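Here is a short report on one protein chain. Look at the sequence and the structure first, then read on.

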Amino acid sequence: MSMEKLVHAARQLFGIHLTGRQVVALMTFERELLGWNEKFNLTAIRDVEGIRTKHFLDSFSCVLAWKETPPRRLIDIGTGAGFPGIPLKILYPSMRLTLVESVGKKANFCQHM
């Protein structure tokens with residue numbers, strides 16, 4: 001799935017209109033995840049297609065429950081490599097996000113991001 005297809009899918013499935021800045025942030029997150037995953041095994045999903053469909057689009061699905069009123073604050077408990085918290089923070093930059101993760105290598109990656 002190309003990034004253009006991800007943008008289209010986000011719009012079609014969830015009514016999300018990604019800005020250029022958000023697309024760049026997602027691409028940065030994706031690049032860092034792929035790099036760190038080679039060294040630290042953060043997630044079983046190790047390819048761009050999987051990250052875009054199984055991580056990004058799955059994370060975006062939360063907006064269906066929020067409709068027009070996303071939370072001002074979000075706590076993502078057991079975030080792993082930052083899902084769904086970091087993609088949601090990219091969508092809603094003013095949202096106060098707290099990530100909770102007990103596995104050190106995953107917590108370090110989230111802090112890096």
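## Ground rules

Helices (H or I, at least four residues) and strands (E, at least two) are DSSP runs, numbered from the N terminus. This is a predicted model: local features need pLDDT of at least 70, side-chain atom pairs count only at pLDDT 80 or more, and totals for chains, interfaces and linings use all residues. Residues are numbered from 1 along each chain as its sequence is written, and side-chain values use heavy atoms, with hydrogens and water left out.

## Backbone details in the loops

N41 lies in the loop between α2 and α3. Its phi is positive, about 50°, although N41 is not a glycine. N41 is partly exposed, with a relative accessible area of 44%. The scale runs as follows: buried means under 20% relative accessible area, exposed over 50%, and partly exposed in between (1.4 Å probe, protein chains only).

K67 sits in the loop between α4 and β1. K67 is not a glycine either, yet its phi is positive, near 55°. K67 counts as exposed, at 64% relative accessibility. P84 belongs to the loop between β1 (73-77) and α5. The peptide bond from F83 to P84 is cis, with omega near 5°.

## The nonpolar core

In soluble globular proteins, nonpolar side chains tend to be buried together. A nonpolar core is a set of buried Ala, Val, Leu, Ile, Met, Phe, Trp, Tyr and Cys residues joined through side-chain atoms within 4.5 Å. The largest one here has 31 residues, and I16, L18, F56 and F60 touch the most other members. Elements giving two or more residues to this core include α1 (3-14), α3 (48-60) and α4 (63-66). α1 gives the most, with 6 residues.

What is I16 in contact with, leaving aside its neighbours within four places in sequence? The partners are V7, A10, R11, F60, V63 and L91. Contact means heavy atoms within 4.5 Å.

## One side of helix α6

Helix α6 covers residues 104-112, and K106, F109 and C110 are buried there. They cover an arc of only 100° around the axis, which puts them on the same side of α6. The arc is that of the directions from the helix axis to the C-beta atoms. The buried residues of α6 pack against α2 (20-40), α5 (85-91) and β2 (96-100).
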